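Please look over the sequence and the model below before reading on. The notes after it are meant to be read with the structure open.

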Amino acid sequence: MNNLKLEYFMRVFNEKSISAAAKKLYISPQALSKSIISLEEELGHKLFERKGTHIVPTEYAYHLMPHAKNILEEYSLINEGDIMSSNGVKTLRILASYDSLRDIPVEFYKDFHESYPDILLHFEELADFSIEEEITKGIAELALLPGPFQYNHYMTKKLFTDRFVLMINKKNKLSELPEIPSEMLHNLPLAIKGTNNALSAAQDNTFMQHNAAPYTVIEASDSYVIAEMAKNNLAVGMLLDFVARDLVNDSVVIRPFEDKTLDKTIYLVSNSSNILSHEALVFWNYFPDWLKEHGKK
């Protein structure tokens, strides 16, 4: 095995096409195919399968991808003599569920950088189902993701829990109640964060237990849109408590649910089938301990 075979593998992986990858590599499709077959023989695993006119990476290819990327990055540094000039800084990509980053105190970033100046944290907010797909396929190493989880091959560490609350326009009679029973949401226009994840399914089950079926008028990843719907009395907004407090205005009130089980717990998640890189392992151990020491639950 050599770096060239890994480079060819990564190009085919990204292009999902032998001909397209060969064109960008300036080699013939036949030569590229022979290189991929040779690499498969060395590894003892198929890397790609043909689906109609396209090729798709195998599960093994998804596991190989981050390791191949790390090897090629290190090879590039050595080959170009940049080991010292690059200061050895490595970027750690961490996926995050919407709003979860707002729950991390800014002091954490300062403390982590002072402790590990050679690791650059790169957080990327995505929809939960996209995060689950990348973690499951081994594309991303770590994520901040809400439970419950449907995939039993995750390794998880509990980080923090926040309650859901309702933002209610003062003209709405519900605003007069100190707490809102779930059953009073039946047929109520509701503005919520995007669904399509296990947490949303759990919330739906809770509403069903209370014979409530809210009428969702909008799903949005932007909390500001939800707050504006409540401000204009077009819907009741459902947000996490700390997010709602940041967006509250004179037109609305914030009310908790009577049911205290309506919350969102964020976990640090990885795929148990993958071996974490040094950078990911550092974050895996440091972050939960930091939160515990600083009283963040």
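What follows is a briefing on this predicted model, grouped by topic, with nonpolar cores, a helix face, a pocket and some loop residues in turn.

**Nonpolar cores**

- The largest nonpolar core has 30 residues, and the members that touch the most others are Leu 166, Met 167, Ile 168, Met 238, Leu 239 and Phe 257.
- Two or more residues of this core come from each of strand E6 (154-169), strand E7 (189-192), helix H8 (223-231), strand E9 (236-240), helix H9 (241-247) and strand E10 (252-256), and the element that gives the most is E6, with 5 residues.
- Met 167, if residues up to four places away in sequence are not counted, touches Ala 227, Ala 230, Val 236, Gly 237, Leu 239, Ala 244, Leu 247, Val 248, Val 252 and Val 253.
- As general background, nonpolar side chains in soluble globular proteins tend to be buried together.

**The buried face of helix H2**

- Which residues of helix H2 are buried? In this helix, which spans residues 18-25, they are Ile 18, Ala 21, Ala 22 and Leu 25.
- These residues are on the same side of H2, because the arc that they cover around the axis is only 100°.
- The partners against which the buried residues of H2 pack are helix H1 (3-15), helix H3 (29-43) and strand E2 (54-57).
- After H2 comes Tyr 26, which has a positive phi, near 60°.

**The second largest pocket**

- The second largest pocket has a computed volume of about 420 Å³, and its lining is made up of 15 residues, with Lys 69, Asn 70, Thr 91, Arg 93 and Glu 141 lying nearest the centre.
- Helix H4 (59-79) and strand E3 (90-97) are the elements that give two or more residues to this lining, and H4 gives the most, with 5 residues.

**Loop residues with positive phi**

- For context, most residues other than glycine have a negative phi.
- Asp 99, although not a glycine, has a positive phi of about 80°, and its place is in the loop between E3 and helix H5 (106-115).
- Is Asp 99 buried or exposed? Asp 99 counts as buried, because its relative accessibility is 9% and the cut-off for a buried residue is under 20%.
- Asn 233 is not a glycine either, yet its phi is positive, at about 60°, and this residue lies in the loop between H8 and E9.
- With a relative accessible area of 38%, Asn 233 is partly exposed, since that class takes in values between the buried limit of 20% and the exposed limit of 50%.

**The surroundings of Lys 46**

- Lys 46 is found in the loop between H3 and strand E1 (48-51), and, at a relative accessible area of 51%, Lys 46 is exposed.
- Although Lys 46 and Thr 58 are 12 residues apart along the chain, their C-alpha atoms are separated by 6.8 Å.
- Setting aside neighbours within four places in sequence, the residues in contact with Lys 46 are Glu 40, Thr 58 and Tyr 60.

Methods. Residues numbered from 1 in each chain as written. Predicted model: local features only at pLDDT ≥ 70, side-chain atom pairs only at ≥ 80, totals over all residues. Heavy atoms only, no water. Core = buried A, V, L, I, M, F, W, Y, C linked by side-chain atoms within 4.5 Å. Buried < 20%, exposed > 50% of the residue type's maximum accessible area, 1.4 Å probe, protein only. Helix = DSSP H or I, 4+ residues; strand = E, 2+ residues; numbered from the N terminus. Contact = heavy atoms within 4.5 Å. Arc of directions from axis to C-beta. 1 Å grid on protein atoms, 1.4 Å probe; cavity = no way out; pocket = protein on both sides within 12 Å on 5 of 7 lines; lining within 4 Å. Points joined across faces, edges and corners; volume = space filled by probe spheres on them.
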